[in-house]
Amino acid sequence: MRVRTRTFVAAGVVVALFAIVGGWGVRQLDGELRLPTAGRSCTVQADGTVKLDADQMANAATIAAIGMQRQMPEQAVVVALATAYQESGLRNLAHGDRDSLGLFQQRPSQGWGTPEQIRDQRYAANRFYKALKKVRGWERMEVTDAAQAVQRSAYPTAYQKWADESQVLARALLGEATGAVACTVGRTPVMRGQAAVAELTRGLTLDWGLPDAGAVAELTDVTVPATDARDGWRYAHWLVSHAPDHGVKRVRFGGLEWSADNGRWAKVSDGRPTEAQVLAEVFADHA
C-alpha cells in the first residue's frame, strides 16, 4: 500500500513522515504527583533515569528545543526544566497562585504576556530564556539561584531539588545520549494520517525554528542524511517525546528504531540503512 509522505528538511536533517497503522491511550502522572495508571508514559535514561507521563515529556522536549533554537547553553535548559518542574510539574496549567499560568506560572499582571500567550508553551519558554539571559552571571549560579533570579518565588531554594532530573532530561533531549527517550502508548492514536503529519511538521518548525517542508509528495519511503549524530538524536528524541500527541508510530536513527508497538528502542533488523538519518512514521487514516 502506498502512503502519503512528507519530508522535513532543515540544518541538514530531514525527517521523513509517513503513514502506518496503530494506536494508544491514557496517561500517567509523575514525580510527587505520580498515580498508578496505565498507558502513555515515558522513561528517559541518560546517566540517570526520569519517568514522565506523555504531556510532561512533550513539554520537556519543547522547552529543550526552544533553548536550542535560542542558542542557549545546556545549563540554561537545565535551569528552565527545573523551573518548570517546580512551578507546574511540567504541565501547562490553566491556574495557579493569583493570576499565575502555564509551565512557568508566569503572571499576566507582572508583564509576562497575555493569558493566551503564557498558555502557549513555546511563548512561555521563550520568555523564560529571555529573562534568564538578562541575569548577570547566571551561568555560574546554582540552578536554584538562577531560577529564582527569574521567578522571584516565595520558595527560592525549591528549584534545586529538580536539578538532577533536569540534567538527565537535558542530556537526552539535547542529543548527548543514544536511544535515551522511550515512550509507551495505548491503543488509540490521538491523530492519524495527514492530520498527524501536518501537526508533527508544525511542531518541528515551531520548536526548532526550522523552515516548512513544503508540499506533500506521494512516496513510500524517504532516506535523507543528517548533519551529525547529536543533531540526529535531538530530533529523534523530540519525535518520540511527541509520539503520543502527534500520531507517531515509529522513529529510526543511527541504526536503532523506536516502535509504538513496544515503546522501546531496538537495533534495526531489516537491513535498511539508518546511519545519519532520522525517520518517523505516523499512523495511517485507515488500516
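This is a short tour of a predicted model, one selection at a time.

**Stop 1: the disulfide**

Start by selecting cysteine 42 and cysteine 183. Their sulfur atoms sit 2.1 Å apart and form a disulfide, and a search of the whole structure finds one such link. Cysteine 42 belongs to strand S3 (residues 41-45) and cysteine 183 to strand S5 (residues 181-184), so the pair ties together parts that are 141 residues apart in sequence. In general, a disulfide is a covalent bond between the sulfur atoms of two cysteines. Look along the S-S bond: with 105° about it, the link of cysteine 42 and cysteine 183 is right-handed.

Are these two residues buried or exposed? Cysteine 42 counts as buried because its relative accessibility is 2%, and cysteine 183 is buried too, with a relative accessible area of 0%.

**Stop 2: helix H1**

Now select residues 54-69, which make up helix H1. How far apart are the end C-alpha atoms of this helix? They are 22 Å apart, which agrees with the 22 Å that its 16 residues should span at 1.5 Å a residue.

Next, show the side chain of aspartate 53, at the start of H1. One of its side-chain oxygens comes to within 3.0 Å of the backbone nitrogen of aspartate 55.

**Stop 3**

Glutamine 71 is not a glycine, yet its phi is positive, about 60°. With 72% relative accessibility, glutamine 71 counts as exposed, because the cut-off for exposed is over 50%.

Then pick arginine 98, which lies in the loop between H2 and helix H3 (115-118). Arginine 98 also has a positive phi, of about 55°, although it is not a glycine. Its relative accessible area is 65%, so arginine 98 is exposed.

**Stop 4: a lysine in a strand**

Finish at lysine 249, found in strand S7 (residues 248-253). Lysine 249 has a relative accessible area of 5%, which means that it is buried. Which side chain does the side chain of lysine 249 contact? Select aspartate 261 as well: the two side chains make a polar contact at 2.2 Å.

Technical notes: Residues are numbered from 1 along each chain as its sequence is written. This is a predicted model: local features need pLDDT of at least 70, side-chain atom pairs count only at pLDDT 80 or more; totals for chains, interfaces and linings use all residues. Side-chain values use heavy atoms; hydrogens and water are left out. Helices (H or I, at least four residues) and strands (E, at least two) are DSSP runs, numbered from the N terminus. The expected span of a helix is 1.5 Å times one less than its number of residues. A polar contact is a pair of N or O atoms within 3.5 Å; within protein, one must be able to donate a hydrogen and the other to accept it, and residues adjacent in sequence count only if both atoms are side-chain atoms. Buried means under 20% relative accessible area, exposed over 50%, partly exposed in between (1.4 Å probe, protein chains only). A disulfide is a pair of cysteine sulfur atoms within 2.5 Å.
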